[in-house]
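Please look over the sequence and the structure first.

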Amino acid sequence: MAYLDNSTVTVDAILTKKGREILARSGQLNITRFALADDEVDYDLYNPTHTLGSNYYGAVIENMPVLEAVPDESQMMRYKLISLTKGQQNIPVIQVTPSGVQTLVSEGQTVTLTTVTTNAANANTQLGYTATISDTTVADIEVARPAPGAEGATIPSFIGEGNLPLSKTVTGLSFRVTAKSNTTAVNKSTIVTIFGNETGGYTTVSIVVVPTVLETLQVVSQVSINPGSGLQTV
């Protein structure tokens, strides 16, 4: 990774790994969509109190270094820009039902996560959502309802590289999470992260799987001598 000279307008176009795979397989690319992102921008640097006036409010941001293009499509464009209807004051928000922490008490128990995007009509209804479960040793995830236009959509990865080998990613409109056996003595947990393929943005759901085999309760027999009735076991 390196920085580009942003003193002039620069377009740095490369093929991602997915693009190279498609080109190698079919011999051509049929690009039908594009996306923009502002991963490199730190908006906390916008200074509306700059002593030199409004022309300098965003001076620091405008002079930030620009990263060169990255071929790994899962590690770039995490914060996509979206188009909103003129006058709209709210950004799309991804909601999942049920939300919060979902506790599964036995192997094979399932919970279906249904997604919807508010503040935007028909948002994410074609390309759907991409769901990533970070640890498949805790639970599995599969598509419960497919998205009509989702054909192997690539979504950025927000999980650590150490969790990638254990993760699983699927694309659809709703998702089914199934608990796996937990033979430990403690609860096991994982996170499902759901991204909007059209609007960007994401939300998370925590999955907790309780132990399949509970700790054995030890019953201690106490023996006492009762002169009236002999031995008595309690």
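## The loop between β5 and β6

Asparagine 122 lies in the loop between β5 and β6. Strands here are DSSP runs of E with at least two residues, helices are runs of H or I with at least four residues, and both are numbered from the N terminus. The model is a predicted one, in which local features need pLDDT of at least 70, side-chain atom pairs count only at pLDDT 80 or more, and totals for chains, interfaces and linings use all residues. Residues are numbered from 1 along each chain as its sequence is written, and side-chain values use heavy atoms, with hydrogens and water left out.

Asparagine 122 has a phi near 60°, which is positive although the residue is not glycine. With 62% relative accessibility, asparagine 122 counts as exposed. (Exposed means over 50% relative accessible area, buried under 20%, and partly exposed in between, with a 1.4 Å probe and protein chains only.)

The loop between β5 (110–118) and β6 (129–133) also holds asparagine 119. Its phi is near 70°, again a positive value in a residue other than glycine. Asparagine 119 is partly exposed, at a relative accessible area of 38%.

## A cis peptide bond

Threonine 97 is joined to proline 98 by a cis peptide bond, with omega near -5°. Proline 98 is placed in the loop between β3 (93–97) and β4.

## The open sheet

An open sheet is formed by 5 strands in the order β4-β11-β10-β6-β8, with mixed pairing. Two strands pair if DSSP finds at least two bridges between them. The edges are taken by β4 (101–104) and β8 (168–172); each has a single partner strand, so one side of each is left without a neighbour in the sheet. On average, neighbouring strands of this sheet are turned by 20° against each other, direction ignored. The axes behind this angle are lines fitted to C-alpha atoms, and angles run from 0 to 180 degrees between N-to-C directions.

β4 and β11 (residues 202–209) run parallel and are joined by 4 bridges. Leucine 104 has valine 209 in β11 as its bridge partner.

## The chain as a whole

The protein chain contains 2 helices and 13 strands. Of its 234 residues, 26% are buried. Among contacts (heavy atoms within 4.5 Å) with a separation of 6 or more, 71% are between residues 24 or more positions apart.

The accessible surface of the protein chain is about 15400 Å², and carbon and sulfur atoms account for 52% of this surface. Accessible areas come from the Shrake-Rupley method with a 1.4 Å probe; for residues, only the protein chains shown count as cover.
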